[in-house]
Amino acid sequence: GATAGDWVRHLAWQVADTALGRGVRSIERHIKARAGQPMRKLLRLQRAEQSFFDARDEFLAGRVVWSDVAARGGYADQAHFCREAREITGHSPHELARMLKSEDESYWIYRIWT
């Protein structure tokens, strides 16, 4: 399925088509107008989502190392990754991964990643 990264790239191409010859700030303003979020936040969402996708199989196999996931995702350290995950989802990466296995219907959104 489509990811946040796919959506950000699609949006950027749409804006680029209409913003030829404009500056970076102008393009960022167009993206914010269309997406309702600043480019910086969209890129944070994309990075977090990609990190969760990368860690999913490792977690399900019982061998995830969160500091390695953070390093591969470009985070300064594991704490940075955990803070950002909590800001975006309200849960730590480990809690999100546990919810993948959960049978609780209130966590259905996290299971779409599997």
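Which residue forms a salt bridge with R72, and how far apart are the closest N and O atoms?

**View 1. The salt bridge between R72 and E58.** R72 forms a salt bridge with E58, and the closest N and O atoms of the two are 2.7 Å apart; the term stands for a side-chain nitrogen of Lys or Arg within 4 Å of a carboxyl oxygen of Asp or Glu. Because R72 lies in helix α4 (residues 66-72) and E58 in helix α3, the pair ties together parts that are 14 residues apart in sequence. R72 is partly exposed, with a relative accessible area of 47%, whereas E58 counts as buried at 16% relative accessibility (buried is under 20% relative accessible area, exposed is over 50%, and partly exposed is in between, with a 1.4 Å probe and protein chains only). The model is a predicted one, in which local features need pLDDT of at least 70 and side-chain atom pairs count only at pLDDT 80 or more, while totals for chains, interfaces and linings use all residues. Residues are numbered from 1 along each chain as its sequence is written, and side-chain values use heavy atoms, with hydrogens and water left out.

**View 2. The salt bridge between E84 and R47.** A search of the whole structure finds five salt bridges, and in one of them E84 is joined to R47, with the closest N and O atoms 3.4 Å apart. E84 lies in helix α5 (residues 78-89) and R47 in helix α3 (residues 39-60), so this pair ties together parts that are 37 residues apart in sequence. E84 is buried, at a relative accessible area of 4%, while R47, with 25% relative accessibility, counts as partly exposed.

View 3. The side chains of E95 and R86 meet in a salt bridge, at 3.8 Å from N to O. E95 is partly exposed, with a relative accessible area of 26%, and R86 also counts as partly exposed, at 43% relative accessibility. Salt bridges that share partners join R44, R47, E84 and E87 into one network.

View 4. The structure holds three aromatic pairs, where rings of Phe, Tyr and Trp (its six-membered ring) pair if their centres lie within 6.5 Å, and planes under 30 degrees apart count as stacked, over 60 as edge-to-face and the rest as tilted. The rings of Y75 and F81 have centres 5.0 Å apart and planes at 50°, so this pair is tilted. Y75 counts as buried at 6% relative accessibility, and F81 is buried with a relative accessible area of 1%. Ring pairs link F52, W66, Y75 and F81 into a cluster. R47 lies over the face of Y75, at 4.0 Å from the ring centre; a charge sits over a ring if NZ of Lys or CZ of Arg is within 6 Å of the ring centre and within 35 degrees of the ring normal.

**View 5. The protein as the setting for these close-ups.** The secondary structure comes to seven helices and zero strands, helices (H or I, at least four residues) and strands (E, at least two) being DSSP runs numbered from the N terminus. Buried residues make up 32% of the 114 residues in the protein. Among contacts (heavy atoms within 4.5 Å) between residues at least 6 apart in sequence, 44% join residues at least 24 apart.
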